[in-house]
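These are my notebook entries on a single chain.

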Amino acid sequence: MSDGSSAATRPYKILTGNSNRPLAEAISAYLNLPLTKASVKRFSDQEVFVEINENVRGEDVFFVQSTCHPANDNLMELLVALDALKRGSARRITAVLPYYGYARQDRKSGPRTPISAKLVANLITSAGAHRVLTLDLHAGQIQGFFDIPTDNLYAAPVFTKDITDNYGTDNLMIVSPDVGGVVRARDIARRLDVELAIIDKRRERAGVSEVMNIIGDVKGRRCLLVDDIVDSAGTLCNAAVALMEAGAESVSAYVTHGVLSGGAVARVSSSPMKELVTTDSIQATEAVRLAHNVRQITIAPLLGDAIDRISHERSVSSLFR
């Protein structure tokens, strides 16, 4: 931050687990506040053990942990760390979840199936969190799954600045890769004052997507796909092919959470996509770092500002604009 505050004047502490230490260090550097020392270890049978190496009694504490791959290990680290902070008598504990795993299981998809997003919310609350700070939840209703205050930040301001700096707005068209993401894509289009197109997609079976129809004239336009999660990248790559076949001049994509599991990076690299831009809510793998058309932009300033505002009991809504 540029306000010149020192660590001594910051009324809070920041800790992190192993899921995304580079992001936590970037937040720490932005806030000019060293990370509080903690040890996250595993016994020989892979049980998680967390020890906070500094006094947190009466402190306002923020624990940064994405519940990304390996999702269960990172989730368990989070829960054990929250319990350690609670038993260390921290005054207030905020779980900072740049990426909230299990969010895609936000409804009963059939008989006798779980709502895992709600279950994980219950676990985080029971473990000791007093509030949650997260980014671009897969579905807005997940915010209501928590029985504690939850701030859901949006990557849109970060994306619009990057799009303006690297693409401009001339002949640009924002594209939602499916009907479910229209609200998110429309928000980006509104911020940039450009037109919006929608891809009507039908999924034949789980994990396989098929582009059916493009709503909007994309011929000769520079198209930017906007979504919240890219996992297998099948949807995005199929959308890119459909847009190019419809006459688009170029196709790129902005996605908040780059899960990119399995052969996703190779799929993106061999697709007609000019570039895939994700945030660093999930730490980049070696494959991502080496890919010629995948780029990460940081959300550390956004999360850092939100942490500082929460600790000082100030509004975070201005960060959404």
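How many salt bridges does the rule find across the interface of domain 1 and domain 2? I found one salt bridge there, the term meaning a side-chain nitrogen of Lys or Arg within 4 Å of a carboxyl oxygen of Asp or Glu.

**Basis.** I note that this is a predicted model, in which local features need pLDDT of at least 70 and side-chain atom pairs count only at pLDDT 80 or more, while totals for chains, interfaces and linings use all residues. Residues are numbered from 1 along each chain as its sequence is written, and side-chain values use heavy atoms, with hydrogens and water left out.

**Entry 1: the two domains.** I looked up the division of the chain and found domain 1 at 13–153 and domain 2 at 156–298; such bounds come from an automatic or database domain assignment. To the contact (heavy atoms within 4.5 Å), domain 1 gives 14 residues and domain 2 gives 13. The centres of the two domains, taken over C-alpha atoms, lie 28 Å apart.

I then looked up the record. UniProt, in an unreviewed entry, places the feature "domain: Ribose-phosphate pyrophosphokinase N-terminal" at residues 13–128; its positions are given in the numbering used here, feature names are shortened, and annotations may be inferred rather than shown by experiment. Over residues 13–128 I read 34% helix and 22% strand, with the end C-alpha atoms 16 Å apart. Helices (H or I, at least four residues) and strands (E, at least two) are DSSP runs, numbered from the N terminus.

**Entry 2: the interface.** Between them, domain 1 and domain 2 bury about 1100 Å², 51% of it on carbon and sulfur atoms; buried area is the accessible area (1.4 Å probe) that two parts lose on being put together, summed over both. On the side of domain 1, the residues that lose the most area are Tyr-99, Arg-104 and Asp-136, together 43% of what that side buries. Arg-104 also pairs with Asp-231 in a salt bridge, at 2.9 Å from N to O. Helix 1 (residues 21–31) gives the most to the side of domain 1 that touches domain 2, namely three residues.

**Entry 3: a pair across the chain.** The structure holds 21 salt bridges. One that I looked up joins Arg-92 and Glu-313, with the closest N and O atoms 3.2 Å apart. Arg-92 lies in strand 5 and Glu-313 in the segment after helix 9 (300–311), 221 residues apart.

**Entry 4: the backbone.** Most residues other than glycine have a negative phi, and most peptide bonds are trans. Which residues does a cis peptide bond join? I found His-69 and Pro-70, with omega about -5°; Pro-70 sits in the loop between strand 4 (60–64) and helix 2 (71–87). Gln-46, not a glycine, has a positive phi of about 75° and is placed in the loop between strand 2 (38–42) and strand 3 (48–52). Ser-89 has a positive phi near 65° and is found in the loop between helix 2 and strand 5 (92–97).
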